[in-house]
Amino acid sequence: MITLVIYDITDDIVRNKVAKACKRFGLSRIQKSAFLGDLPSAKRKELISRLRRILGNNKGNIQVFVLCKADFALREIIGCVEFDENEEIVVV
């Protein structure tokens, strides 16, 4: 199953920890605050648990969507994807 993680977090440190966790689980960044990848159920549950701990009582939200491959194949990408996957995460 395809896992999509999107988030809206104002705290730079928390936001960067969320991004690092997503990358460690093998998800690819598709936008500044969106990661995508194919995760088995057990790994997805582990990621969700980690994201809950990272966010804790901080302001913001993280949303995790599970998509079947057939639905994912129907997605439409409008415009040009211009995100540098190797962009460094800066912790201030």
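1. Let's start with Ile6, which lies in strand S1. Strands here are DSSP runs of E with at least two residues, helices are runs of H or I with at least four, and both are numbered from the N terminus. Ile6 has a relative accessible area of 29%, so it is partly exposed. The labels work like this: buried means under 20% relative accessible area, exposed means over 50%, and partly exposed is in between (1.4 Å probe, protein chains only).

2. A quick word on what you're looking at. This is a predicted model, where local features need pLDDT of at least 70, side-chain atom pairs count only at pLDDT 80 or more, and totals for chains, interfaces and linings use all residues. Residues are numbered from 1 along each chain as its sequence is written, and side-chain values use heavy atoms, with hydrogens and water left out.

3. Not counting residues up to four places away in sequence, Ile6 touches Ser33, Ala34, Asn61, Ile62, Gln63 and Phe65; contact means heavy atoms within 4.5 Å. Val18 sits twelve residues along the chain from Ile6, and their C-alpha atoms are separated by 9.9 Å.

4. Now the overall plan. The protein has three helices and four strands, and from the N terminus on the order is β-α-β-β-α-β-α. There are 92 residues, and 29% of them count as buried. Take the contacts with a separation of 6 or more: 72% of them come from residues 24 or more positions apart.

5. Leaving aside neighbours within four places in sequence, its contacts are Leu27, Phe35, Leu36, Gly37, Leu39, Arg44, Val64 and Phe65.

6. How do helices H1 and H2 meet? The axes of H1 (residues 12-24) and H2 (residues 41-55) come within 10 Å and cross at roughly 165°. That makes H1 roughly antiparallel to H2. Axes are lines fitted to C-alpha atoms, for helices over the stretch in contact, and angles run from 0 to 180 degrees between N-to-C directions; over 145 degrees counts as roughly antiparallel, under 35 as roughly parallel, 65 to 115 as roughly perpendicular, and the rest as oblique.

7. Which residues make that contact? H1 brings Val14, Lys17, Val18, Ala21 and Cys22, while H2 brings Leu47, Arg50, Leu51, Ile54 and Leu55. By type, these are eight nonpolar, no polar and two charged. Nonpolar covers Ala, Val, Leu, Ile, Met, Phe, Trp, Tyr, Cys and Pro; charged covers Asp, Glu, Lys and Arg; the others, Gly among them, are polar.

8. Zoom in on Val18, placed in helix H1. Val18 counts as buried because its relative accessibility is 0%. Its contacts, not counting residues up to four places away in sequence, are Tyr7, Ile9, Leu51, Ile54 and Ile62.

9. On the H2 side, Leu55 counts as buried at 13% relative accessibility. Beyond neighbours within four places, Leu55 is in contact with Ile9, Val14, Gly60, Asn61 and Ile62.

10. Last, the cysteines. A disulfide is a covalent bond between the sulfur atoms of two cysteines. With the cut-off that the two sulfur atoms lie within 2.5 Å, the count is zero disulfides. Cys22 is buried at 0% relative accessible area, whereas Cys68 is partly exposed at 28%.
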